[in-house]
Amino acid sequence: MAILLTVLGCWGVALLLPLTDPYVQSVRSLVADAKRGEQIYIMNCAGCHGLEGKGQVGPTLIQISRRRSQPQLIHQIVSGETPPMPKFQAQPQDMADLLSYLKTL
């Protein structure tokens, strides 16, 4: 039972930790502009994910906002942990705008 509680406690911390990250908090506090996010997407993402987000080298991004939370998306975008996805170090406003655009796909 103690092992189960430890695992559940660690899992809960892992879920909440991204919400306390200052960068994530900053992004989530901004008013986003999906049209500006579209331009950021075209310049930085469309080469791999396609102009319509249907995927090419990278996977489809259609309805990605329904499959991943904002903190998960932010982590994926900035970390580059899934090759060939590069790290994308965006300013908080750029990230907020990009996330807003991704919601439209």
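Q: Which residue has a side-chain oxygen that reaches the backbone nitrogen of Lys35 at the start of H3?
A: This is a predicted model, in which local features need pLDDT of at least 70 and side-chain atom pairs count only at pLDDT 80 or more, while totals for chains, interfaces and linings use all residues. Residues are numbered from 1 along each chain as its sequence is written, and side-chain values use heavy atoms, with hydrogens and water left out. Helices are DSSP runs (H or I, at least four residues), numbered from the N terminus. The side-chain oxygen that comes within 3.0 Å of the Lys35 backbone nitrogen belongs to Asp33.

Q: At roughly what angle do the axes of H6 and H7 cross?
A: Axes are lines fitted to C-alpha atoms over the stretch in contact, with angles from 0 to 180 degrees between N-to-C directions. The axes of helix H6 (residues 70–79) and H7 come within 11 Å. Their crossing angle is roughly 115°.

Q: How many nonpolar residues does the contact of H6 with H7 have?
A: Contact means heavy atoms within 4.5 Å. H6 contributes Gln70, Leu73, Ile74, Ile77 and Val78, and H7 contributes Met95, Leu98, Leu99 and Leu102. Ala, Val, Leu, Ile, Met, Phe, Trp, Tyr, Cys and Pro count as nonpolar, Asp, Glu, Lys and Arg as charged, and the others, Gly among them, as polar. The contact has no charged residues and 1 polar residue, and its nonpolar residues number 8.

Q: What distance separates the C-alpha atoms of Gly53 and Tyr41?
A: Gly53 lies in the loop between H4 and H5 and counts as buried, at 0% relative accessibility. Not counting residues up to four places away in sequence, Gly53 touches Tyr41, Thr60, Leu61, Ile62 and Leu105. Gly53 and Tyr41 are 12 residues apart along the chain, and their C-alpha atoms are separated by 9.3 Å.

Conventions: A polar contact is a pair of N or O atoms within 3.5 Å; within protein, one must be able to donate a hydrogen and the other to accept it, and residues adjacent in sequence count only if both atoms are side-chain atoms. Helices (H or I, at least four residues) and strands (E, at least two) are DSSP runs, numbered from the N terminus. Buried means under 20% relative accessible area, exposed over 50%, partly exposed in between (1.4 Å probe, protein chains only).
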